[in-house]
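Let us walk through this model step by step. Keep the sequence and the 3D view side by side as you read.

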Amino acid sequence: MPKMAQKEYHARKPDTSDIAALVEQAREGNRAAFERLVGMFQGDIFRMAYYRTHSSMDAEDLTQEVFMQAFKSLPRLKAAERFRGWLFKIALNRVRDFNRRGRFRALFSTLDDTDKVDQSYEETRDRPAEALDSLMVKDFWKQIRLFTDKLPRMEKEVFVLRFMDHLSIKEISQVLRKNESTVKTHLYRSIKKFKKGHSIRRLLQEGTA
Amino acid sequence: MSTDKNFHLDEDQLLWAVVEETELPLPLQEHLSACPQCRTNKERFERDLARLGQMAKRFAPSPRGRVSLPEEKPRGSMGWLWGWRAYASATVAAALVVIVVWSFPMFRDTPGDNGDMLAREMQETEQFMAEVSMLVENALPPVYLDISAESSADFDDEFIQFVVPSVEEESLSYDPGKRGALSC
């Protein structure tokens, strides 16, 4: 990976040793330390939930649940430096539960996937004027969904965790409880399909044009 | 291989380089670092992937509120003392309840009360056993005694013998050897 791209992936990450120190303090009952951790990761977890639910309300609820569970379970976290991966693991489990409930609800509902895309569009349309054209936002999420929904479950999860949630391969293997070579294989297969997905790549190029 | 200008990484090798450059064999890694064309191809693809993440972040809404944590318990560095006080208070409260209940007359049994109760139970038992004995003597209620004639049963043995002769006397009449004597 070139240095510029690496910066894009990692510049936003807080320093691991700082996080570990805050986790240690939070584990000893320091509430302010945990609140700082919330401040660091709330955005990441919210977006992680949003990418998978396409609803900001559901993502808000899931984020709240994730941090509540993390707050309760923090004493059980053995390695403080793995906090980020651990938090994403909690989030992923919550999202899976949410989707399971959603599938059950869908049995009694007539709402289809198209409506879901429109819902996310409605939410993003209210964003400030400096945001890109709302039609493009709508098209972007539609293309993302079209692409990721075609992927097998594991490839989809690895792809989103790597390129949208910006987790390292090591963190992904921790979150998914798979060894690193398995994660790399899934990643390879998914980016191979991404390379062939002309419409989404065209959209990405238009987005920065 | 790395110095050959006509050789370039194929698509699969480029993809593996994007996943993890160290996954490639060492000669290919060397080629990749030396060949501008392969490097450019790889970087172009990586930029697309990085752009995907950037756009996703930009197009996603922001959380509206801050996560609210559970209320802090009124514990400081003397938290253990709060716990100790709570246990002590609970123990004292439980002891008070036991004392109040114990002192209430309904739940209190004195030795005198026990003696009276025992005598009463014995009397009831004797009465009950007397009734059982009477029933053993004659299970019929008094109303039915007249019908059954049991109440005025003063027949003697001679009367009974008359009504129901004993087997010995009756068997004589059926003795084949004495049949003639009896009939005469």
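**A crossing of two helices**

The crossing of α5(A) and α9(A) is right-handed. A crossing is right-handed if the near helix is turned clockwise from the far one by less than a right angle, and left-handed if anticlockwise. Helices are DSSP runs of H or I, at least four residues, numbered from the N terminus. This is a predicted model: local features need pLDDT of at least 70, side-chain atom pairs count only at pLDDT 80 or more, and totals for chains, interfaces and linings use all residues. Residues are numbered from 1 along each chain as its sequence is written, while chains are lettered from A and ligands numbered from 1 in the order in which they are written.

Two packed helices are described by the angle between their axes and the distance between the axes. Here, α5 spans residues 83–106 of chain A and α9 spans residues 169–176 of chain A. Their axes are 9 Å apart, at an angle of about 45°. Axes are lines fitted to C-alpha atoms, for helices over the stretch in contact, and angles run from 0 to 180 degrees between N-to-C directions. The pair α5(A) and α9(A) is therefore oblique. Angles under 35 degrees count as roughly parallel, over 145 as roughly antiparallel, 65 to 115 as roughly perpendicular and the rest as oblique.

Which residues in α5(A) and α9(A) meet? From α5(A) come A:Arg84, A:Gly85, A:Phe88, A:Lys89 and A:Leu92. They meet A:Glu171, A:Gln174 and A:Val175 in α9(A). Contact requires C-beta atoms, placed from the backbone, to lie within 7 Å.

Now turn to the second chain. 28 residues of chain B are in contact with 38 residues of chain A. On the side of chain B that touches chain A, α3(B) gives the largest share, 14 residues.

Next, look at the backbone in two loops. Most residues other than glycine have a negative phi. A:His54 has a positive phi of about 60°. A:His54 sits in the loop between α3 (31–53) and α4 (56–73) of chain A. Is A:His54 buried or exposed? A:His54 is buried, because 21 other C-beta atoms lie within 10 Å. The cut-offs are 20 or more for buried, 12 or fewer for exposed, and partly exposed in between. A:Arg177 also has a positive phi, near 55°. With 8 C-beta neighbours inside 10 Å, A:Arg177 counts as exposed.

Methods
Two residues are in contact if their C-beta atoms, placed from the backbone, lie within 7 Å.
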